[in-house]
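I set out to record, entry by entry, what I looked up in this structure. Each entry begins with the topic that I had in mind.

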Amino acid sequence: PSFSLNNALLSRATVYIFKSLDEQDLSILLDRGWQLLLSSQNLSITFQSDDKLKLIHWADGDARRLLGALEAL
């Protein structure tokens with residue numbers, strides 16, 4: 001985190017602030033990732049809307065966590 005750096009390093013660095021994605025963004029990402037996964041693996045599996053929401057809430061705004069869980073499924 002930027003607050004743990006001293007001022008000399010901080011003045012020479014670019015600080016990026018990452019914000020959590022909202023449920024709608026994660027839902028879009030999940031749909032796109034799911035379609036890509038199905039098409040690349042020739043699968044025909046569906047998600048229950050209940051399960052989709054649970055996965056989105058579990059990801060807690062983190063796209064990498066969501067896509068990692070999708071890949072593991």
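**Ground rules.** I note that this is a predicted model, in which local features need pLDDT of at least 70, side-chain atom pairs count only at pLDDT 80 or more, and totals for chains, interfaces and linings use all residues. Residues are numbered from 1 along each chain as its sequence is written, and side-chain values use heavy atoms, with hydrogens and water left out.

**Elements.** How many helices and strands are there in the protein chain? I found four helices and zero strands. Read from the N terminus, the order is α-α-α-α. Helices (H or I, at least four residues) and strands (E, at least two) are DSSP runs, numbered from the N terminus.

**Overall dimensions.** I looked up the radius of gyration, which is taken over C-alpha atoms. The protein chain has 17 Å, whereas a compact globule of 73 residues would have a value near 11 Å. The globule rule is 2.2 Å times the number of residues to the power 0.38. Along the principal axes, the C-alpha trace spans about 55 × 25 × 20 Å.

**Burial.** I recorded that 19% of the 73 residues of the protein chain count as buried. Buried means under 20% relative accessible area, exposed over 50%, and partly exposed in between (1.4 Å probe, protein chains only).

**Core.** Which residues form the largest nonpolar core? I listed 10 residues: Leu26, Leu30, Trp34, Leu38, Leu55, Ile56, Ala59, Leu66, Ala69 and Leu70. Two or more residues each come from helix H2 (23-41), helix H3 (49-59) and helix H4 (63-72). H2 gives the largest share, four residues. A nonpolar core is a set of buried Ala, Val, Leu, Ile, Met, Phe, Trp, Tyr and Cys residues joined through side-chain atoms within 4.5 Å. As background, nonpolar side chains tend to be buried together in soluble globular proteins.

**Leu70.** I placed Leu70 in helix H4. Is Leu70 buried or exposed? Leu70 counts as buried because its relative accessible area is 3%. Leaving aside neighbours within four places in sequence, Leu70 is in contact (heavy atoms within 4.5 Å) with Leu30, Gly33, Trp34, Leu37 and Phe47. Between Leu70 and Tyr16 I noted 54 residues in sequence and 26 Å in space, C-alpha to C-alpha.

**Lys52.** Lys52 belongs to helix H3. Lys52 counts as buried because its relative accessibility is 18%. Not counting residues up to four places away in sequence, Lys52 touches Ser27, Leu30, Asp31 and Phe47. Lys52 and Ala8 are 44 residues apart in sequence and 45 Å apart in space, C-alpha to C-alpha.

**Ala59 and Arg65.** With neighbours within four places in sequence left aside, Ala59 is in contact with Leu26, Arg65 and Leu66. The charged end of Arg65 sits over the ring of Trp58, 4.0 Å from the ring centre. For this I required CZ of Arg, or NZ of Lys, within 6 Å of the ring centre and within 35 degrees of the ring normal.
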